[in-house]
Amino acid sequence: MSRSFRLGLFGVSAAGLAALLLWSVAGLPAFGHYQGPYGTILNSAAQDERHVTNAVAAVVFDYRGFDTLGEEFILFSAVLGVALLLREVRDEGIEGVDDAVRSDALRLAGLAFAGALLLLGLDVVAHGYISPGGGFQGGVIVATSVALVYLAADYRAYRRLARTPAVDFVKGTGAGAFAVIGVVSLLLGTAYLHNFGPLGSSGTLASGGSIAFVNVAAGLAVSAAFVLLFTEFLDEFAATRAKTRR
Amino acid sequence: MTYLPYALAVWLFLVGLYGVVTSRNLIHLVVCLTVMQSSTYVLLLSVGYVNRATAPIFADVPKGTRAVDPVVQALTLTDVVVSVAIAGLLLALAIQLQKHHGTVDPDRLGELHG
């Protein structure tokens with residue numbers, strides 16, 4: 001199939017698709033005139049039934065917890081796929097890569113930011129069911145602070161911090177803990193991942209029952225998943241660097 | 001104007017699809033795919049939006065305050081995570097293709113053998 005023929009075919013079918021999509025969104029309720037009952041119900045249920053003030057976290061870690069478990073394993077298997085594709089036998093990183101940041105000011109500021117960012121990430125994870133945030137968002141911030149070590153220092157410093165077996169372990173523990181919390185619900189005689197534990201008082205860290213545990217499990221799994229992604233790509237980059245230098 | 005956010009979602013989807021179809025580089029293709037996927041964020045968040053309502057966070061607003069739908073926001077969160085995971089997987093595949101076949105041009109992949 002020639003390129004121009006393919007483009008022509010795409011033009012015709014995209015025009016058709018555009019027409020269908022516009023027709024279908026025209027059937028939606030006008031923007032801002034929300035009609036579904038679930039959002040309204042959940043907004044009050046999250047506060048009354050679960051004592052959490054972040055309704056999104058209540059949906060992610062409780063009402064739709066089972067879906068989130070599925071999502072967790074999508075992330076898990078995607079990272080596993082990246083590791084399978086890119087990882088060779090090198091648990092402790094590549095030798096002979098010289099990419100150190102020379103500027104002292106940049107190193108100092110970068111590493112100071114990495115510490116602050118790590119704290120921010122942990123804070124966002126911990127308060128996930130009270131204020132905006134949660135295991136997923138906070139986990140990404142924690143992973144970013146590890147990546148900042150690479151940007152501010154060098155590959156060797158990053159690799160000393162993000163040792164593959166340790167990160168693999170955290171990743172497995174996070175994803176596993178999520179699934180195990182669901183089993184605890186079963187043992188208590190309720191549905192899988194049904195909330196358990198004391199609900200505590202709204203707006204404090206001690207609230208939301210098992211949402212807190214699921215939240216931390218997601219935070220562990222997500223931060224380790226993203227650190228692993230960075231590591232695999234950085235290893236690849238470092239291996240190329242080391243090869244061209246020789 | 002009340003349908004503008006939906007139209008934006010349709011536009012993002014189509015412009016991303018155009019990029020995917022015409023792409024000459026797999027890295028560029030992955031970026032186009034993430035543009036396509038962002039259309040779903042816009043669509044989901046628009047569907048759940050409520051006029052003159054706050055975010056579904058009730059830490060510092062009185063009980064019963066009108067808020068937007070938290071379900072679509074949670075779906076968007078899932079969507080973002082999946083999007084990043086898939087982008088990472090596809091980029092790893094692109095690296096392997098470059099290593100073994102020396103090309104990331106999808107049009108030249110048909111010529112490859114073994």
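This report describes the two chains of a predicted model, their contact and a few single residues.

Residues are numbered from 1 along each chain as its sequence is written, chains are lettered from A, and ligands are numbered from 1, in the order in which they are written. In this predicted model, local features need pLDDT of at least 70 and side-chain atom pairs count only at pLDDT 80 or more, while totals for chains, interfaces and linings use all residues.

## The two chains

Chain A has nine helices and zero strands. Chain B has four helices and zero strands. Here helices (H or I, at least four residues) and strands (E, at least two) are DSSP runs, numbered from the N terminus. Along the sequence, chain A reads α-α-α-α-α-α-α-α-α. Chain B reads α-α-α-α.

How much of chain A is buried? Buried residues make up 40% of its 246 residues. In chain B they make up 29% of the 114 residues. A residue is buried if 20 or more other C-beta atoms lie within 10 Å of its own, exposed if 12 or fewer, and partly exposed in between, with C-beta atoms placed from the backbone.

Contacts can also be sorted by separation along the sequence. Take the contacts in chain A with a separation of 6 or more: residues 24 or more positions apart account for 73% of them. In chain B, the share of such contacts is 52%. Two residues are in contact if their C-beta atoms, placed from the backbone, lie within 7 Å.

## Where the chains meet

The contact takes 45 residues from chain A and 41 residues from chain B. On the side of chain A that touches chain B, the elements that give two or more residues are α1 (3–26), α2 (37–49), α3 (55–63), α4 (65–86) and α9 (211–245). α4(A) gives the most, with ten residues. By class, this side of chain A has 30 nonpolar, twelve polar and three charged residues. Ala, Val, Leu, Ile, Met, Phe, Trp, Tyr, Cys and Pro count as nonpolar, Asp, Glu, Lys and Arg as charged, and the others, Gly among them, as polar.

## Helix pairs

Two packed helices are described by the angle between their axes and the distance between the axes. Axes are lines fitted to C-alpha atoms, for helices over the stretch in contact, and angles run from 0 to 180 degrees between N-to-C directions. Angles under 35 degrees count as roughly parallel, over 145 as roughly antiparallel, 65 to 115 as roughly perpendicular and the rest as oblique.

One pair lies within chain A. α2(A) and α3(A) pack at about 85 degrees, with their axes 9 Å apart. These two helices are therefore roughly perpendicular to each other. α2(A) brings A:Leu42, A:Asn43 and A:Ala46 to the contact, and α3(A) brings A:Ala55, A:Ala58, A:Val59 and A:Tyr63. Six of these residues are nonpolar, one is polar and none is charged.

Another pair joins the chains. α3(A) packs against α3 (residues 70–101) of chain B at about 60 degrees, with the axes 8 Å apart. α3(A) and α3(B) are therefore oblique to each other. From α3(A), A:Ala55, A:Val56, A:Val59 and A:Val60 meet B:Pro70, B:Val71, B:Gln73, B:Ala74 and B:Leu77 of α3(B). This contact has eight nonpolar residues, one polar and no charged.

## Single residues

Most residues other than glycine have a negative phi. A:His51 has a positive phi of about 55 degrees, although it is not a glycine. A:His51 sits in the loop between α2 and α3 of chain A. Is A:His51 buried or exposed? A:His51 counts as buried because it has 21 C-beta neighbours inside 10 Å.

B:Arg52 also has a positive phi, near 50 degrees. B:Arg52 is in the loop between α2 (26–47) and α3 of chain B. With 6 C-beta neighbours inside 10 Å, B:Arg52 counts as exposed.

A:Leu161 belongs to helix α7 (residues 155–161) of chain A. A:Leu161 has 16 C-beta neighbours inside 10 Å, so it counts as partly exposed. Leaving aside neighbours within four places in sequence, A:Leu161 is in contact with A:Val146 and A:Val149. The C-alpha atoms of A:Leu161 and A:Val146 are separated by 7.7 Å, and the two residues are 15 residues apart along the chain.
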